[in-house]
Amino acid sequence: MAIAMAIRSFLFLLLLFFSSLNPILSLYEDQVGLMDWHQQFIGKVKQAVFHTQKTGRKRVVVSTEENVIASLDLRHGEIFWRHVLATNDVIDGIDIAIGKYVITLSSGGSILRAWNLPDGQMVWESSLQGPKHSKSLLLVLTNLKVDKDNVVIVFTNGRLHAVSSIDGEVLWKKDFEAESLDVQQVIQPPGSDLVYVVGFAASSQFEMYQINARNGELLKHESAAFSGGFLGEVSLVSSETLVALDSTGSILLTISSHNGKISFQQTPISNLVGDSLGPAVITPSSVTGIFSLKVNAITIFIRVIGEGKLEVLEKTNLKTAVSDALSISEGKQAFALIQHAGSEIHLTVKPADDWDGNLLKESIKMDRQRGLVHKVFINNYIRTDRSYGFRVLIVMEDHSLLLLQQGEIVWSREDGLASIIDVTTSELPVEKDGVSVAKVEHNLFEWLKGHMLKLKGTLMLASPEDMAAIQSMRLKSSEKSKMTRDHNGFRKLLIVLTRAGKLFALHTGDGRIVWSHLLQSLHKPQACQHLIGLNLYQWQVPHHHAMDENPSVLVVGRCGPSLDAPGVLSFVDTYTGKELSSLSLAHSVAQVIPLPYTDSTEQRLHLLIDADQHAHLYPKTPEAIGIFQREFSNIYWYSVEDDNGIIKGYALKSKCTSEVADEFCFDSRELWSVVFPSESEKIIATVTRKLNEVVHTQAKVIADQDVMYKYLSRNLLFVATAAPKASGEIGSVTPEESWLVAYLIDTVTGRILHRVTHHGSQGPVHAVFSENWVVYHYFNLRAHRYEMSVIEIYDQSRADDKDVWKLVLGKHNLTSPISSYSRPEVITKSQSYFFTHSLKSIAVTSTAKGITSKQLLIGTIGDQVLALDKRFLDPRRSVNPTQAEKEEGIIPLTDSLPIIPQSYVTHALRVEGLQGIVTVPAKLESTTLVFAHGVDLFFTQLAPSRTYDSLTEDFSYALLLITIVALVAAIFVTWILSERKELQEKWR
Amino acid sequence: MEKGKGVMGSGRRWAVDFSDNSTAPSSRDIPDPPGFSRASMDQDDSAVSRQKKDAEANWKAQKAWEVAQAPFKNLLMMGFMMWMAGSTVHLFSIGITFSALWQPISALQGVGKVFEPYKDNKVDLLGPKLLFIALNLGGLALGVWKLNTLGLLPTHASDWVSSLPPAQEVEYSGGVIPL
């Protein structure tokens, strides 16, 4: 008996040991880069400062619209160092001081930092405060040396500061708060230690202050009134002349100060252009004596020749971009000018004093998909023959950065990828049959060679060179970057839409750009002035029918920033990147609803809701309307008005009653509305299930073979509201006056299925909805910690369908279609846990059939992606689970969620400025593809329950093959031996 | 290969085989001793032979009952093993359960063969056969019961609904926060 007990307990221990081998997701050091890739970007460059010749190494420091400061290598465009500032820490200006520090002004002018030029380490940081909000200006006085120190002049928040560039100490400050002054510029005439502060007061008064840069003493104050008022900016033309526009934008003002007297000179623009074509804009530039005006599409270059006399240098209707001035020698300046002409750009470098004396004139072929040149930065270098050479850095419309030198593009960076706004995926073409024999042989040989090497590695026979060869072979496997569909569905195209309105197709194997397409290309500017790309949808995904057609995506855009602006649709072939067609819509686009129906060519039906709540059906084909009419009464839509705190549900009523008969337009009828009391609740987050999510089963088997039926409705909306007071920053309210309410709303009937209040909690809320559960993250003010909650929703009305015989015989109604109007009875289970990190984004893994267990992908504040098993967020967790529950895999309840360092999906990397995480199922059920984007891009494959349906990548096929061969050989040998033996026996 | 390997080597010149005990006259070159009649052994004395046959039939019947009862021991053994294996699914318990299922089935398949040696006109084998079958069925039942305790029989609702696809929804509602 005792022995039996011992054996039993031993068996139990053995079992426990096996079950404790949790599938922890981690990889070995040599597996980095096999399945994943990481790309670093900086975003659209706002400002670039070149190193001076003295510093030797050829680098450029840039600040970007993604709040990145980076030092780039001028030879290859690589990043030397990079800092990504927080999203609310917008960079206002950068400059270089004392040849070794990069000075940045950020956060609306309130933070001044210095970074060490070679390695990017922060040297000092000063916080600058001021009395009122104003423009922020940064000026480094390089020619004013005070004990080998450069003085940094910062105008911010209505106060002028002089800061030492060595330690960031404020040397002096001067307030400009008394006057209602709107400071436009801080000017330092070269060679003097005076600083001029120029601005407008009361919109018609021109003010000028002369300040001693050494001690901040106000030397002079002049002002003059101009009745016409001022518009926009002033541009400094020379040390004594400024140009500005009057409030109508039709008169050019030349402001000159001579011996303390300010004088205005008025020149109507129509005099310069001939016939005035609307308001003009002064392009900011710093070239002495020359400024440029933009009137509609015409650019005019004007020189100021003393005493307010103007001379028109050039009028052009080509798209033009001008750089700042670059001083090339004592008192001489040059600037770069780039003009578009067809598929080429013309780069000219001109000296400031001689318009026609071009220093350089080059034509460079430019890809049309890069659009217009937005910014130009010029730099010079000394050639080997001691003459000057020029290089220019240009920023294109698609946010890419290019270096031009000697008539060539030296390098280019696709920095548009730093601001992705939407992602979708597309399959690759199917592999064509008929591969040549030679190729197969070659491949076979390579394959064998590779596996022999691998075998050597596993048998520990490989030399270090062999190991290196194995590693490089694994990393550069041609298999993963092929342009054809693979059996496991790992190779796909990621179609991304960037803020610049450019589509990119990235290969999932290595992240390279397969094609790119700029939506607003050069040839169609008149159709839509300011196209804003909004969203991407899968338009056509051929898989059953229409296999010979290429898949396509729908890009929804809008002309201009307002909601009522007309929409633009563009259909792009995902294999080639060519635009198939584009539509300029007559109506606006407020919402796009992909419907769960496709036509015979696998085009998905989409419903576009305009601002007047008309629904427009696309594609506009008779077939589509036929499909739509069949389902007409079952299609609903809802809108979330987070400003008013109302959620409204609509049904479609009838054809539009407009003067123009439109078969594809439908009126909506309001069915229900959920109004949140504005004094106590404000909508802060909504989330729904993904349309393409696949759920394997409706039943959840719990301990003791019991069944719970999941409430799997696609028409569920999770809404989180918070007290209006508590919608600010964490810590701005006391726990008593802050609360968070979570709702689950059925969007067909408007029924609230569940409501829960978290007292003493506040947003921001990040939520993810999948299957029958929602997980959300918020801050608990009482516990001073972040919390994550899970709500699971179950269908109680089906709970009694448990008769085995009925199920065996199929006499149940579990698979019959259900309606939200049947008001199914639901129960919810929920639980909350503490969580250490604050979040940037949250997503969930998705697999092809939905069988594999789920993992939450948490984008942490440290810009990493953490995988957390859904099992940790199971509301059935308890402190002491029963034996049966343990067998089911329920983890004992703990008050906080564990963070296992090995389960960081991004391992040692960081996806700077993380914005979103997208998961795409692979064809292999165990595997899901994860794409995280922000300023950086990161892609990897995940197997939440490990790759149970395939052999691992490092499986040694060669070893298997050799074993089989050896076994077969052994069988033959022994067979022959035994035959021989038998024969001998018989002969005896 | 086994016997007398060394002797049977190439050096063998002659050999006498003492072990020949065959009864065939052809293999004999030595005449029978006087008074010994080989034929008398084979001849049947009717009375003796009937007695002998009865004894044999009795013996066969007894043996058949013994064979029929043999699975009972097996049953006990199996029960003990099953209890040892516990009620969780793992290699050991599955192996035992499947052998518990397989043994009775294979035994039932070979009922005829098992009782073949005891086949006799005078022996009634029905009783032993029935007992044998009953005991084996008992063993089978034990195996099935074990299978059920392991949870491998589809006797619960969960076994039938666990892969039911989600029900279709009649209505479709879409929408997001305005773009």
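Predicted model: local features only at pLDDT ≥ 70, side-chain atom pairs only at ≥ 80, totals over all residues.
## Reading burial, salt bridges, cores and contacts

Q: Which residue forms a salt bridge with Glu427(A)?

A: Lys492(A) does, and the closest N and O atoms are 2.7 Å apart. The two residues are 65 apart in the chain: Lys492(A) is in the loop between α4 (464–475) and β36 (493–498) of chain A, and Glu427(A) is in the loop between β35 (420–426) and α3 (437–458) of chain A. Lys492(A) counts as buried, because its relative accessibility of 5% is under 20%.

Q: Where in chain A do Glu681(A) and Arg755(A) lie?

A: Start with the pair itself, which is a salt bridge with its closest N and O atoms 3.3 Å apart. Glu681(A) is in the loop between β48 (665–675) and β49 (682–688) of chain A, while Arg755(A) is in strand β54 (residues 752–759), 74 residues away. Glu681(A) is buried at a relative accessible area of 8%, and Arg755(A) is partly exposed at 45%. Salt bridges can also share partners, as in the network that joins Arg370(A), Asp398(A), Glu414(A) and Lys502(A).

Q: How many salt bridges are there over all chains?

A: The count comes to 28. Between chain B and chain A it is 0.

Q: What should I look for in a nonpolar core, and which residues touch the most other members of the largest one?

A: In soluble globular proteins, nonpolar side chains tend to be buried together. The largest nonpolar core here has 35 residues, and Leu393(A) and Phe931(A) touch the most other members. Beyond its neighbours within four places in sequence, Phe931(A) is in contact with residues that include Trp37(A), Ile420(A), Leu494(A), Leu506(A) and Phe938(A). A second, separate core has 21 residues, among them Ala334(A), Ala336(A), Val349(A) and Ile394(A).

Q: How many residues does each chain give to the contact between them?

A: Chain B gives 34 residues and chain A gives 60. Next, read the area: about 4,200 Å² is buried between the two chains, with carbon and sulfur atoms giving 63% of that. There are 17 residue pairs in polar contact. On the side of chain B, the elements that give two or more residues are α2 (46–85), α6 (157–161) and β1 (172–174). The largest share, 4 residues, comes from α6(B).

Q: What is the make-up of chain B?

A: Chain B has 6 helices and 1 strand, in the order α-α-α-α-α-α-β. Of its 179 residues, 25% are buried.

Methods:
Residues numbered from 1 in each chain as written. Chains lettered and ligands numbered in written order. Heavy atoms only, no water. Core = buried A, V, L, I, M, F, W, Y, C linked by side-chain atoms within 4.5 Å. Buried < 20%, exposed > 50% of the residue type's maximum accessible area, 1.4 Å probe, protein only. Contact = heavy atoms within 4.5 Å. Buried area = accessible area lost by both parts, 1.4 Å probe. Salt bridge = Lys/Arg side-chain N within 4 Å of Asp/Glu carboxyl O. Polar contact = N/O pair within 3.5 Å; in protein donor to acceptor, adjacent residues only side chain to side chain.
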